[in-house]
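Please look over the notes below with the coordinates open beside you.

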Amino acid sequence: MTLSETPPEGLLDWVKAQRLNWRDYFIYRAGRQTDPLTGLRHKCADAVCSACGETVKMPYVPGGGCGHAGYSAPFGFRHPVSGDALISGDRLACPMCGEAVEARHVSNARRLERCVWPMTAEARGGKLLLYLWRVCRDVEKSGRVTWRVDPWEVYAFGGTSAARWRHWRKFTTATYIIPGWQERKRFGDTMFDVDLVYCPEGLANVYAQTECADCKLETYMDIETEYRFPVTWMKLWQRHRTAEALMAPNAKKLAAALIAEGKRSPAYNKNWSERTDVLHGADWKKRKPHEMLRLTKEELACFNGAEDAPKRLKALLLARKYGVACRLGEEVTKVTESQQEDFLKRGVLPAKAERYLDRQAARYKSRLWPGYLLDYWNMAEKLGEDLGDRDAMWPQNLRRAHDRMQERQKAKAAAERRERFQQRYERMKKYAFEDGGIFIRPCATEEELVAEGKALHHCVASYAERHARGGLTIFFIRRKDKPDEPWFTLNFNEKQLSVTENRGMRNCARTEEVRNFENTWLEWVRSGRKRRTSAA
């Protein structure tokens, strides 16, 4: 297929006529001006306005400093009307045409290019071609404005087929126009947020000559919404021909909002993804818009064009999924989507939880967030509380109940850890050993493990949880005549019957005496023989 390299006639003039937010600049540089009275020449600022193209000499202001907004400026100028001293980066009204412009010293008059991407349409061979062009407006250092139109992308749609070409390539952070159209093997949508459509004959008249005569693209592009994605809409229509019903007046604003929400990247705001699969929750076997979106007519009328409609719709459908009664208007919530699901799994409407938290804030002058209530419920369930009891589910003072539950949980965890320490000791005491005035025994309690770390100034206390779980085993090496005085701490690998670590005061290495004792002990452990002597 032969694709056009030149834009349609009148595209550039049409773009220029649009009320777009082009930036204009007041570019100034050092100059000289002759005083008509004295004939002496003195410094001035020669300035040119990109909005009107007029030039003017401005009074010189020395020592412009480092400028504003990251721009440096060796000097500035004085505005002839307001009398303000201005430097590079300041905003002002042009003294000739009155347009709002930004002052730029000539040394900073670079990268002043601004671009827009209008879309055009063409019918060829029964296919609908959607072209995307890049229109660039550049302000040169001389103040002259130049325009350029580059071919950017083309999407071709048939009844079921779709193809994509592009005329650009990205290298690191820069984008370059390449010679000729390059067809892409993978079809994706990078025609993001199209708000300029140039089609003098009308989009509907163009695609009426193609296999996409019923695609309702013109209706979709005419919707008053923040973001439009024509390629995604066309792919949606190709997959589900019943999608055209969503362009009915009572549903099109909601459909456009849902498409934009489906295109939204996990990152943030306008960082859109290339995917084209959206509206996963719709029932495409239905024919009516409200049935497709699993709503009643009243709910569809309420959501169509409403603020935060996708979020509210998702919350309403989520409540129905878990069988929680939700009247129209009760789906409005500030709770995050994951927290909504946590509430609904317990049969609680997020709006009800928010009202409870509002009452807590009013009564106790302390704002608690939804996660705080969920955390309380999680702790209560682990401790065997009956959340079917209203007083347990909705305590009179949530903060106090949460703190008490936290203390109970800590006490339970401490008791469980003590039990695990005791079990580890009972299992490992068979490895207790004595030889030559030195003995070794396993750690018995968490308290003595902490005391060991404090006495020897090392981090063995941080191994408490791993020791209790059986991930490692801590042994104490003592002198027989000083059985209660910490000396060396040994980390034993029970599976391999080996020593992982053996450290003394401030993580010092073991002495020759201790090393010999350790080797004797390991030999005894690996031999499987009974203890020759009893440990102290």
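Which residue takes a positive phi in the hairpin of β2 and β3? Point 2 answers this, after a word on the basis of the notes.

1. This is a predicted model, in which local features need pLDDT of at least 70 and side-chain atom pairs count only at pLDDT 80 or more, while totals for chains, interfaces and linings use all residues. Residues are numbered from 1 along each chain as its sequence is written, and side-chain values use heavy atoms, with hydrogens and water left out.

2. In the hairpin of β2 and β3, with five residues between the strands, G53 is the residue that takes a positive phi, near 80°. Strands β2 (residues 41–49) and β3 (residues 55–62) run antiparallel and are joined by five bridges, and V48 has T55 in β3 as its bridge partner. Strands here are DSSP runs of E with at least two residues, helices are runs of H or I with at least four, and both are numbered from the N terminus; two strands pair if DSSP finds at least two bridges between them.

3. Strand β3 is also joined to β4 (residues 75–78), by three bridges and again in an antiparallel arrangement, with F75 in β4 as the bridge partner of P62.

4. The count of aromatic pairs comes to 23, where rings of Phe, Tyr and Trp (its six-membered ring) pair if their centres lie within 6.5 Å, and planes under 30 degrees apart count as stacked, over 60 as edge-to-face and the rest as tilted. The rings of F26 and F77 have centres 5.6 Å apart and planes at 45°, so this pair is tilted. It links distant parts of the chain, since F26 lies in β1 (residues 25–34) and F77 in β4, 51 residues apart. F26 is buried at a relative accessible area of 0%, and F77 likewise counts as buried at 0%, buried meaning under 20% relative accessible area, exposed over 50% and partly exposed in between (1.4 Å probe, protein chains only). Ring pairs link F26, Y28, Y60, F75 and F77 into a cluster.

5. Helices α5 (residues 252–263) and α8 (residues 309–321) pack at an angle of about 85°, with their axes 9 Å apart; axes are lines fitted to C-alpha atoms, for helices over the stretch in contact, and angles run from 0 to 180 degrees between N-to-C directions. In the contact (heavy atoms within 4.5 Å), L254, A257, L258 and E261 of α5 meet A309, P310 and L313 of α8.
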